[in-house]
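This report concerns backbone geometry and nonpolar packing. The structure is shown first, and the description follows.

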Amino acid sequence: MNSNRIKQRSSHAIKLISATLLFPFLHSACTSSTKQEKKELDKPNIVIIYADDMGYGDLNCQNPDSKIPTTNLDKLASEGIRFTDAHSSSGVCSPSRYALLTGQYHWRRTHRISSAFDYPMFRKDDITLPQVLKDAGYTTACIGKWHLGWNWNFKNEPSGEIKYKHKTAKAYLPQDIDWDKPVTGGPTSQGFEYYYGDGTINMPPYTWFKNDKPITIPTELMDPTKQQTNSKEGHWEFRPGPKDKDWDAYEVLPKLCKESTQWIAKQRKDKPFFLYLSLPSPHAPIVPSKEFEGTSEAGAYGDYMVQTDWVAGQVLKALKDNGFDENTIVIFSADNGPEIYAFRRAQKYNHFSMGNYRGVKRDVWEGGHHVPFIVKWPKKIKAGAISDELISQMDVMSTVAAAANVKMPKNAAPDSKNILPILEGKTSSNPIHTTLIHNTKEGHWGLRQGKWLYVNQSTGSVSRMPKAYMELKNYTKFDTEGLLFDLEKDPEQRVNLYAEYPEVVKNMAAQLQKELDEKYAADY
């Protein structure tokens, strides 16, 4: 036989044997790849829409006497589950945001609000929700307000001076900062792959950022005393500092809406995503666009609320238009209760942003931290469900991880509880939270335990409640050392039971101190 033909037959035989031997491994690899792809497709997308200074009573579906139409958020509630006893960790913004993104009480770290050009609130060893999801294969983005600090590249101490709030204050000028270097410590340092926003609408620098650099370098100084346009209600709330010459507060919310919907449209069907849309509204400055003026019966704030509701609707529409809505978990909430302007609004328009709850932003009263909380997930959540379970925004981290079948690292989210069973309609006789601590300022605490709420001071107020509003609501002041309320019978906190139940007070005060001692000492 020809030697060349023998060699060819031998070569074919070797290839055949090799293919036969490799087939199981190739099949296994393909199967594994297919399973991985299916696993990725099964993971829900996550969208958190986080409003700013929005009260429980600002949603029409939660306030039968509301003067503000919130058709999109009402629809979201009708298509998902609405929680009637949900709370932010703090009564102010930065601490609540920190708690949401880390699944732990803010007071482990701080009570402060991040100021202009502040350093990051996060430590290097903090484990954040975006980090966990990014490590699990999610595309992650933060769009909007950050307000948790950055590592600014200062060239020198602030060289500007400006008369502000009846005193002369130092202010950074544009030339005091190196704008060419990346600004670390912000969203892209905490697990977000993409960031677009203006940092904080009422704090410098007044310019737009993409990831860790400004899109336009500020060249002018924001002087709050020389504004050329007016806020529609309340004060501008601006702090002095560098600004882009074309920066306009009225453009912030529309730009964030457009960026969010465009970002959603770019996402792939085979890769899950997490969008944290942190709105600047309805926080002051109250700047509704012209097309929303007069759309409510609660003044400019009400109109700004209508626009905020519209933005939420646009995001929900983008999810549906791009085929993501069925397997996307949408969570809507707010960082704390309404600002003190709510008192005047109630008197002028008969609209109570805090609903029937006592107090506003900053307060340990329920109105300071009792917030809207709605979750929609068509694949798992029964439409129109309502839960009176006591929950916290800290629970978002454990719940999202469980829904995405993601194992969290050790020591992550120490105060976060998994509320996925409630979302899925499962019932239990055991509460998710046996206790929940309320706090804004150091030393001023509230402890929730079942129906009881204990406050360790004679008032829940941090923000001053005007006398006219006290009279309007027929509130009385209390003179006991602390406060005790039965929230099942008295959600408005009118009847102080401190003197009537000394044992309950004693036990709850001891429980509060125990939790504070344990958790301050814990090394997380």
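Pro282 is located in the loop between β12 (273-278) and α6 (299-321), where helices (H or I, at least four residues) and strands (E, at least two) are DSSP runs numbered from the N terminus. The bond joining Ser281 and Pro282 is a cis peptide, with omega about 5 degrees. This is a predicted model, in which local features need pLDDT of at least 70, side-chain atom pairs count only at pLDDT 80 or more, and totals for chains, interfaces and linings use all residues. Residues are numbered from 1 along each chain as its sequence is written, and side-chain values use heavy atoms, with hydrogens and water left out.

A cis bond also runs from Pro204 to Pro205, with omega near 0 degrees; Pro205 belongs to the loop between β7 and β8 (209-210).

| Residue | Phi | Loop |
|---|---|---|
| Asp53 | about 60 degrees | between β1 and α2 |
| Glu237 | about 70 degrees | between β10 (220-222) and β11 (241-243) |

Asp53 is buried at 2% relative accessibility, whereas Glu237 is partly exposed at 24%. Buried means under 20% relative accessible area, exposed over 50%, and partly exposed in between (1.4 Å probe, protein chains only).

A nonpolar core is a set of buried Ala, Val, Leu, Ile, Met, Phe, Trp, Tyr and Cys residues joined through side-chain atoms within 4.5 Å. The largest one has 54 residues, and Ile49, Trp247 and Phe332 touch the most other members. Helix α6 supplies its largest share, eleven residues. Beyond neighbours within four places in sequence, Trp247 has contacts (heavy atoms within 4.5 Å) with residues including Asp198, Tyr206 and Phe238. A second, separate core of 50 residues includes Tyr50 and Phe83.
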